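Thank you all for coming.

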Amino acid sequence: MTWWERLTRWEERHQLGIDVGAMVLTGLVVVPLGASMAPNWGLGSYAGAALAALAWAPLGWRRTHPVASVVTVYAACLLHLLVGVPLLLPSDLAVLLALYSVTVHGPRWAHLTAMGSALVGNLVMVSGLLLQSWAGSLAEMAASAIALWLFASVTALAVWAFGLVRRSRRVTIAALRDRAERLEVERDQQARIATAAERTRIAREMHDIVAHSLSVVVAQADGGRYAAAADPEAATRALGTIAETGRAALADMRRLLGVLREPERVPGAPAAPGAPGSAGPAAAAGATAAPYTPQPAEHDLESLVEQVRSSGVRASLVRMGTPRRLPPGIGLTVYRICQEALTNVLKHGGPDVTVTVLAQWQAAALVLEITDDGRGAAADSDGAGQGLLGMRERATMVGGTLSAGPRPGGGFRVRAELPLPPGAPADDRAAAPGTLG
């Protein structure tokens, strides 16, 4: 900010004090001059000083209260016209100052009224001045009156025009400031909305990763504990599944947190000592792996169902229709909805449950349905889960719908219908339509 801008802002914050101070200092000159001119019109010096002070004092609030100031100045000048003093310089200059101030700082009706009143006041002033100062012919008096009125009126019009220019500039600056403030507020609001949306997305991803993986781990741990005495090989397989699930969840967690915490650096440059990802030999050993892997999508449903089946649940995947390639967002939504639904089956379905995942490719939508024959409405819940809410949010984000609830006769069903983009190409990565498992 330049010194001129700082001075202007300081002046705007102290308008009343500055105007009062300027009025007092200039009044020390104006009032004595008015008192010295009063005897020329047959008026006493004290009366002239009082009239000059009445006309000059309202300039102290000419910017803070422009309408009150101009009304008071005009009333004081009209008073000295009525007592027979047509001109009381320099206090009559307060009319021009008040007119300028109300034009710049007052409402539109006020400065229009002030300008019209100034023209009428000039006519009254000139008439009184000529009646007391001239004794010539009527024609000479009329010509002189017109000339004086034109001079005073042109001066007032010039002051008014200058005030209009200044007013226009002030309005433009005020509009620009208001727009800048609103843009700043909007930017902050957008930043807060984006932050909240990102937090929600991260929380949803963390929930999907942790809840599913821990559900598989808990199911395998319970099965391995019961099978340890009678079937050690089954317990060994359960421990292997736990280890694989834990490693996969840990890799997903590291990938997600790495996106959030990895500092920007030049591509290909080694990480600085002590930076995330350079903690020692273990990190160096894993440096050959890709730091980021593609997000899961609809073609990964088979491996997801296989993982659930390995935990002891009878799970099957049924595909109908011709699979098509989906945008990453919709593909991830399909995977996460299926993952959450299968996690709920592991947590609440009960023992010896059978679950079927149906992926039906229609002309304009992909219908994903996960049904089981578990406990359904009789399943226990602590009420703290956000799985169903998260699935609905994911479906809504891509323009789809989701319904979930107990099935008639037992069990639970989750059904999502997600719109497909027009003209999506066939997905050669997906298996042929049919049944898996």
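Before we look at any sheet pairing, a word on terms: two strands are said to pair if DSSP finds at least two bridges between them, and the helices (H or I, at least four residues) and strands (E, at least two) are DSSP runs, numbered from the N terminus. What you see is a predicted model, in which local features need pLDDT of at least 70 and side-chain atom pairs count only at pLDDT 80 or more, while totals for chains, interfaces and linings use all residues. Residues are numbered from 1 along each chain as its sequence is written, and side-chain values use heavy atoms, with hydrogens and water left out.

Let me begin with the overall picture. The protein chain holds 12 helices and 6 strands, and of its 437 residues 35% are buried, where buried means under 20% relative accessible area, exposed means over 50%, and partly exposed lies in between, with a 1.4 Å probe and protein chains only. If we take contacts (heavy atoms within 4.5 Å) between residues at least 6 apart in sequence, 71% of them join residues at least 24 apart.

Now please turn to strand β3, residues 365–372. How many of the 8 residues of this strand are buried? The count is 8 of 8, so β3 is largely enclosed by the rest of the structure. Ala365, Val367, Glu369 and Thr371 point one way from the strand, whereas Leu366, Leu368, Ile370 and Asp372 point the other way, and all of them are buried.

Strand β3 also has partners. It runs antiparallel to β2 (residues 354–361), with 7 bridges joining the two, and Val355 has Asp372 as its bridge partner in β3.

The last topic is charge. Side chains of opposite charge can pair when their charged atoms come close. A salt bridge here is a side-chain nitrogen of Lys or Arg within 4 Å of a carboxyl oxygen of Asp or Glu, and a search of the whole structure finds 12 of them.

One of these joins Arg63 and Asp19, at 2.9 Å from N to O. Because Arg63 sits in the loop between α3 (45–56) and α4 (66–82) and Asp19 in helix α2 (residues 15–37), the pair ties together parts that are 44 residues apart in sequence. Arg63 counts as buried at 12% relative accessibility, and Asp19 is buried too, at 5%. Both belong to a network of salt bridges that links Glu11, Asp19, Arg62 and Arg63.

Another salt bridge is formed by Arg319 and Glu302, whose closest N and O atoms are 4.0 Å apart. Arg319 lies in strand β1 (residues 314–320) and Glu302 in helix α10 (residues 301–310), so this pair ties together parts 17 residues apart in sequence. Arg319 is buried at 11% relative accessibility, whereas Glu302 is partly exposed at 34%.
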